[in-house]
Structure formats: C-alpha cells, structure tokens
Amino acid sequence: EHDILDKLPLKGKKILITAGPTYEAIDPVRFIGNHSSGKMGFEIAKVSASLGANVVLISGPTHQTVSHSLIKFIPVESAQDMYDAVHQHFETADVAILSAAVADFKPKQVALQKIKKADNTLTLELEKTKDILASLGAIKTHQFLVGFALETNNELENSKAKLKAKNLNLIVLNSLNDSGAGFKTDTNKVTFIDDKGSVNEFQLKTKAEVAKDLLDEIIKQIHA
Ligand code: CTP
Ligand code: CA
C-alpha cells in the first residue's frame, strides 16, 4: 500500500536522471541556454538514492551540488553531450526520468573565433537538437520511461500527445500558468499522466515534495 514507507524499495534498481539546462555553443565564449536551475532533477536524484537506487545523474551546467555514495554525477554541456551520456547508461537502467530543459535548437555552425560586432545585426541559423527522450522511447525494452512537459496552454492535450509520441510510461506536466511554479522557484505545480490515461493533479508543492510524489508513483507502477 505505502511502498515509499518500505525500507529501500529501490535497492538494486538503476535510475537514470537528466537535469538542468543545456548550453549550445555559438562561438568559443558564447552559448544559447535557458533558466533551468536543475533543482527538480537533483531532488529526484536525492529521493531515488534515499530509497536505495543506484542513480546516474546527468546534468547540464547548474549551481546544484550533490554528494551521495549511490549517485554517480555526470556533468555535460550540450544536448549532444547529454544524448551521448544518456545512451551510454540507458540499456542497463530500470527507470529513466528525463527532467532536463534540453535546448530545442542549436547554432547550425559554431564560429571557431569570437564573433566580432562588425555589423548592426547578426543572424544565427539554428537547427533542431536530437530529442533525447523520444530516442529512448524508440528503443526501450524493459525500462520505465518518464518525461516532463512544460506547457503554458492546452496543457493536458499537449502532454498526452507527448506521452504517446515519445512512447512514455508516465509524463509529468509542469504548469507554468500558476504563479510560484517554474524554472527559478523552489516550487512546482504538477500533474501526472500515465499511459493508461490516469490523470493525477497535485497542489503547488516544493520540488522536494514533488520528487517524493513522483518516486512514490513510479514505485507503485513498477511493482504493480
Ligand atoms: N527533451 C529531450 N530532448 C530534447 C527536448 C526535450 O529529452 N531535445 C525532453 C525533456 O527533457 C522533457 C520532454 O522531452 O522530458 C519534453 O520537453 P518539452 O520541452 O516540454 O517538449 P518538446 O518535446 O521539446 O516540445 P516543445 O518544446 O515544442 O513543446
Ligand atoms: Ca522543448
């Protein structure tokens, strides 16, 4: 009934987690990034380890720190770096939780020298990054795959579409509409949607509490 209260319910399980933003290089000193703090992913890693899981935490640049014997921390910068690190660990993972705010686009060309302010305008051509989560959904066998969805409108509809398109077991809808939720805060307003169509909406909570709710739900589903 209350799996999360059991002793180390995730002992022996390998959980892969992505966190933070990615930085996409423009030239040797500049990048395209976003305001993701990494907090949500780091909280998920801490809760997972406290429940006995072997955690691989792959994160873009953040100020978060973590030190736990069960957490292997792999820092990365770009979406491609994150893609490579994730794919090195996915096959042996039991659960993958992709909470990173991966850049959707990167500069098509990275300037080898610092770009000079020669003209009054500068046009950067961008191309899509690889969708890490979708790439896992396409190859998953036994893994329980969890994604996040950041939405500002048509939230449920868009999240359900992502769950299906990326072949996920569970998606966490992050509602940016509600004040107090989002990138820079310590709180999130989430809704869990699973592949059977169950929708579970939560109140505004701290990211640590959201992490506990999420692991509670994952434990219920993988033990069911
Ligand atoms: N994601 C990923 N790789 C990318 C982009 C997104 O792994 N290149 C993952 C995120 O970590 C998240 C999920 O996909 O778990 C959804 O991210 P989101 O930005 O909400 O959706 P997108 O599929 O990128 O679509 P859009 O931004 O257009 O809404
Ligand atoms: Ca996106």
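Which strand gives the most to the shell around ligand 1? Here are some friendly notes on the way to that and other points.

1. **Ground rules.** This is a predicted model, in which local features need pLDDT of at least 70 and side-chain atom pairs count only at pLDDT 80 or more, while totals for chains, interfaces and linings use all residues. Residues are numbered from 1 along each chain as its sequence is written, and chains are lettered from A and ligands numbered from 1 in the order in which they are written.

2. **The ligand shell.** Strand S9 gives the most, with four residues. In total, 16 residues surround ligand 1, and the closest are Val102, Ile132, Leu133, Gly147 and Phe148; a residue is near a molecule if its C-beta atom, placed from the backbone, lies within 6 Å of it. Helix H3 (132-139) and S9 each supply at least two residues of this shell. By class, the shell has nine nonpolar, three polar and four charged residues. Here Ala, Val, Leu, Ile, Met, Phe, Trp, Tyr, Cys and Pro count as nonpolar, Asp, Glu, Lys and Arg as charged, and the others, Gly among them, as polar.

3. **Overall build.** The protein has five helices and 14 strands, where helices (H or I, at least four residues) and strands (E, at least two) are DSSP runs numbered from the N terminus. Its radius of gyration is 18 Å, close to the 17 Å that the globule rule gives for 224 residues, so the protein is as compact as a globular protein of that length. That radius is taken over C-alpha atoms, and the rule is 2.2 Å times the number of residues to the power 0.38. The C-alpha trace spans about 65 × 40 × 30 Å along its principal axes.

4. **The sheet.** Eight strands form an open sheet in the order S5-S4-S1-S6-S9-S10-S12-S13, with mixed pairing. Two strands pair if DSSP finds at least two bridges between them. At the edges lie S5 (71-75) and S13 (199-201), each of which pairs on one side only. From one strand to the next, the twist averages 15 degrees.

5. **Helices on the sheet.** Helix H1 (residues 39-50) packs on the sheet, touching S1, S4, S5 and S6 (95-98), and its direction makes about 165 degrees with that of S1. Helix H5 (residues 207-223) also packs on the sheet; H5 touches S6, S9 (144-151), S10 (170-175) and S12 (190-194), at about 140 degrees to the direction of S9. Contact requires C-beta atoms, placed from the backbone, within 7 Å; axes are lines fitted to C-alpha atoms, for helices over the stretch in contact, and angles run from 0 to 180 degrees between N-to-C directions.

6. **Around S9.** S9 pairs in the parallel sense with S6 over four bridges and with S10 over six bridges. Val146 in S9 is the bridge partner of Ile97, and in S10 the bridge partner of Val146 is Leu170.

7. A residue is buried if 20 or more other C-beta atoms lie within 10 Å of its own, exposed if 12 or fewer, and partly exposed in between, with C-beta atoms placed from the backbone. By contrast, Lys11 is exposed, because 12 other C-beta atoms lie within 10 Å.

Technical notes:
Two residues are in contact if their C-beta atoms, placed from the backbone, lie within 7 Å.
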